[in-house]
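Student: I have a two-part question about reading a model like this one. Where do we start, and what terms do I need?

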Amino acid sequence: MVKREDTAPFECDALPVYCEAPLAVALAHSEQDVVAAVRLCHEFGVPLVSRGAGTGLSAGAKPIARGLLLVTAPMNRILDLDPQAMTARVQPGVINQQISTAAAPHGLYYAPDPSSQIACSIGGNVAENAGGVHCLKYGVTVQNVLSVRLVSATADNIGEVLTLGGDCLSQPGYDLLALVHGSEGGLGVITEVTVKLTPVPEQTRTLMADFDCVRTAADAVSAIVRAGVIPAALEMMDKLAISATEAFCHAGYNLEAAAIVLIDLDGHPLEVQAELAVVEQVLSESGAAQVRRAADELQRARWWKGRKSAFPAIGRLSPDYYCIDGTVPRHRIGEVLEATARFAEKYSLRVANVFHAGDGNLHPIIMFDGIEPDALERTEKLAADILEYCIAVGGTITGEHGVGLEKINQMAVQFSDAELEQFRAIKRNLDPFELLNPDKQIPTLARCQEYRALRQSGG
Amino acid sequence: MDHASLGNDCSEHFAARVQELYTARGAEQPHLAIGGNGSRVAFGLPADLSLALGEHRGVVDYQPEELTLRARAGTPLSELEVLLAQHNQSFAAEMPQPTTQSTLGGAIATGWDGPGRAFGMSLRDSVLGCRLINGRGEIINFGGQVMKNVAGYDLARLQVGALGTLGAILDVTLRLQPRVEDTASVSFSVNAGALSQWWQRTRSLRPLISGTCYLDGRLYLRISGRAVAVQDLLAQLGGDITGFDWSALANLQLPFFCSERLACVHLPRYAELPVGAGQALVEWEGARVWVREGDHHALSREAARLGGFVQVLRGPAVPSQVDAPGWHRALRNALDPRGLFNPGLFHSRFCTSEGETGREYTGAGR
């Protein structure tokens, strides 16, 4: 597709502040299509950006004006599901949720569950190393993938199809599978993924605790883990997020609370029972104003529906919103939330917080109005301040959304020149012609120096 | 942090040595034999070390409430276990310890998992961050101390099993777990032919099952979790309560492992490897089989047919068979451009061999 009306829907991913029309869009229906696209791009010296469903939140799939956008979404078949071996072999365009749906009759599911799981595709999940609500206990994408096939762009064989990993629990040689996870489409184009399936837990129980103070709630999260319990999910929402979601889907949250903590405990029923008792005690000792157990599956589903629809709910309160993704040590969460509130005040912006507290993975959602001339600029400055605070307390600028274009400047803050040069050396060796998603994820030396100078001068 | 005062930081000194070799312009190709303190020769690390990371030791940071530990590569795992036990915690992955002096860095570099791997977290998944010296003598740090981190390429996990060929590991941050409340083992008399049916049954014992081992006609199961649940399951399972030594299995210290030749066969889950009685020890629901006094070349062919591969610990070596040899060369070139670190290992383990070398590995771990 080359006509503007055809390529227009592909000009951005789920971070629409970064937008660009590609030279052309190609829809891949098979691995051969991907190989052909990579070879053609090499032949004509045209960079290639690959994407699946386009639900990414860091502009990692933003097209390049002089490049091809290769969409693997049409490769959407589940090729094989082996209930005995507990694996599923799928094409990259298969939607995350589809795998669990297909595995359900066998008492199995695919554990990583990003909030976008009804729309995001597995190829993108691998490229970004996607997380989700339940990864505290069950791990992120890299822990749940056994092998991938990908089309490589190394100097000796452009368009070679490689299999990384395999059906065994370990593989000979380097852990290339780990390298590919989170490589943001810069090292190869994924054409097939074999995922690990997990038995559906015999029992899941959900607790909700209300707190009068955000700091107290954050400290309770640390206390639960300290007490020797790893919940399947441990999520937190602040007052603004609570009121937005409650208005949106009537989940049954307490509108008076300054923060709520949602907890899933799952596993063997006797273990769940024992851990419920531990967690309830820790919550009340940590100053929870109220602790409730979900009475039945219906109530449990409503509570979680609220959490998972937080983004669209907040979207209704503000013309535009911008979600960020820093991770910090659990015991610093309270401090980072307080700092975020201070920074927000400085830039006259509102921030809602709804996040994976158990992982220390924060998702401040900045609300702004793009029509105001300087609103986006203030938003970006606020985001930069928050991310750099995350680094300062020993955290990272991205837990699960990836660097993409969005956080490329902050890479210069998190990493030293030698570290960034190490990343570049890897990229150069595996993608010597700069074909695959160039100019993202790893900043150039010049860009780093420029950004550091700018920040130092208080800009 | 009081733990930080103990130990010995050799990072600058080691980095200076590597840098010197990197910049050296002599006729001879410089190289370094990197290891910890020589306890993991059977697992592939060199015996005569020119860069012994065992000297670089001590806890850098331990935060029980974060379930993370950062320690220098040369710290013995046995010391770390004592520290963690004081806080009712343990490593999230089992790491073999051939001796009480076996180090954290050696466990990462060799990348071997223990019996719990098939049921819980692998070593590579418990690595959160890693600081290392690259082949240019630069100290670089990847990953972090947080649970989730996708900034840049995952060069911390990449060190697991790389045998030091992608960098000299200085310190590692590991994910921990609350110490399991209760662990018990039961055993059953089982014919080898009935194992595949047993794997159906063990599948349904998740999440409490944490180890399976089939040896000399007996199947041993390890059950771990909250005491109420473990005891309840034991009552349902029947079988004989046993004191089977799972750490001796993890550390390859069972009498079974005392053999001239020893190979480890990795297979897809539930594959069945035909081997003689008394010759094999089956773990991980059939996904890992140890074979003593076997014909390694025949085993290698059989494993390949079943979709697996063989790692030789002692006896005739088999050709290495890595995926994507081009990517291996590219990574080596990116991280160690002059090929300083363990060059012999890089060629024997991470390059596709052209024909068989017939070289014998002789393990000090026997």
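Tutor: Start with burial. A residue is buried if 20 or more other C-beta atoms lie within 10 Å of its own, exposed if 12 or fewer, and partly exposed in between, with C-beta atoms placed from the backbone. Helices (H or I, at least four residues) and strands (E, at least two) are DSSP runs, numbered from the N terminus. Now the case: in helix α10 (residues 343-350) of chain B, the buried residues are Phe346(B), Arg349(B) and Phe350(B). They lie on the same side of α10(B), because they cover an arc of only 95° around the axis. That arc is taken from the directions from the helix axis to the C-beta atoms.

Student: What do the buried residues of α10(B) pack against?

Tutor: First, contact: two residues are in contact if their C-beta atoms, placed from the backbone, lie within 7 Å. The buried residues of α10(B) pack against α9 (325-335) of chain B.

Student: What sort of model is this, and how is it numbered?

Tutor: This is a predicted model, in which local features need pLDDT of at least 70, side-chain atom pairs count only at pLDDT 80 or more, and totals for chains, interfaces and linings use all residues. Residues are numbered from 1 along each chain as its sequence is written, while chains are lettered from A and ligands numbered from 1 in the order in which they are written.

Student: How many residues of chain B are in contact with chain A?

Tutor: Chain B brings 65 residues, in contact with 70 residues of chain A. On the chain B side, α4 (123-126), β7 (139-143), β8 (168-178), α6 (227-237) and α9 each supply at least two residues. The most comes from α9(B), with 7 residues. For class, Ala, Val, Leu, Ile, Met, Phe, Trp, Tyr, Cys and Pro count as nonpolar, Asp, Glu, Lys and Arg as charged, and the others, Gly among them, as polar. The side of chain B that touches chain A divides into 31 nonpolar, 19 polar and 15 charged residues.

Student: How do I judge the overall form of chain A?

Tutor: With 459 residues, a compact globule would come near 23 Å, and chain A has 22 Å, which agrees. Its C-alpha trace spans about 65 × 60 × 45 Å along the principal axes. Chain A holds 16 helices and 19 strands. Of its 459 residues, 57% count as buried. Among contacts in chain A with a separation of 6 or more, 71% join residues 24 or more positions apart.

Student: And chain B?

Tutor: For 366 residues the rule gives a radius near 21 Å, and chain B has 21 Å, which agrees. Its C-alpha atoms fill a box of roughly 65 × 55 × 35 Å along the principal axes. Chain B has 10 helices and 17 strands. Buried residues make up 52% of its 366 residues.

Student: Into which domains is chain A divided?

Tutor: Domain bounds come from an automatic or database domain assignment. Chain A has domain 1 (4-71), domain 2 (78-199), domain 3 (203-312) and domain 4 (314-456). The centres of domains 3 and 4 of chain A, taken over C-alpha atoms, are separated by 27 Å. In their contact, 23 residues of domain 3 of chain A meet 19 residues of domain 4 of chain A. On the domain 3 side, α7(A) gives the largest share, 7 residues. By class, that side has 17 nonpolar, 1 polar and 5 charged residues.

Student: Which residues have the most contacts inside the largest nonpolar core?

Tutor: In general, nonpolar side chains tend to be buried together in soluble globular proteins. A nonpolar core is a set of buried Ala, Val, Leu, Ile, Met, Phe, Trp, Tyr and Cys residues joined through C-beta atoms within 7 Å. The largest here has 248 residues, and Leu70(A), Ile260(A), Val261(A), Ala168(B) and Ile169(B) have the most contacts inside it. Helix α7 (residues 214-226) of chain A gives the most to this core, with 7 residues. Leaving aside neighbours within four places in sequence, Leu70(A) has contacts including Ala26(A), Val34(A), Leu48(A) and Val189(A).

Student: Is Glu345(A) buried or exposed?

Tutor: Glu345(A) is exposed, because 12 other C-beta atoms lie within 10 Å. Glu345(A) sits in helix α12 (residues 333-346) of chain A.

Methods
Rg over C-alpha atoms; globule rule 2.2 N^0.38 Å.
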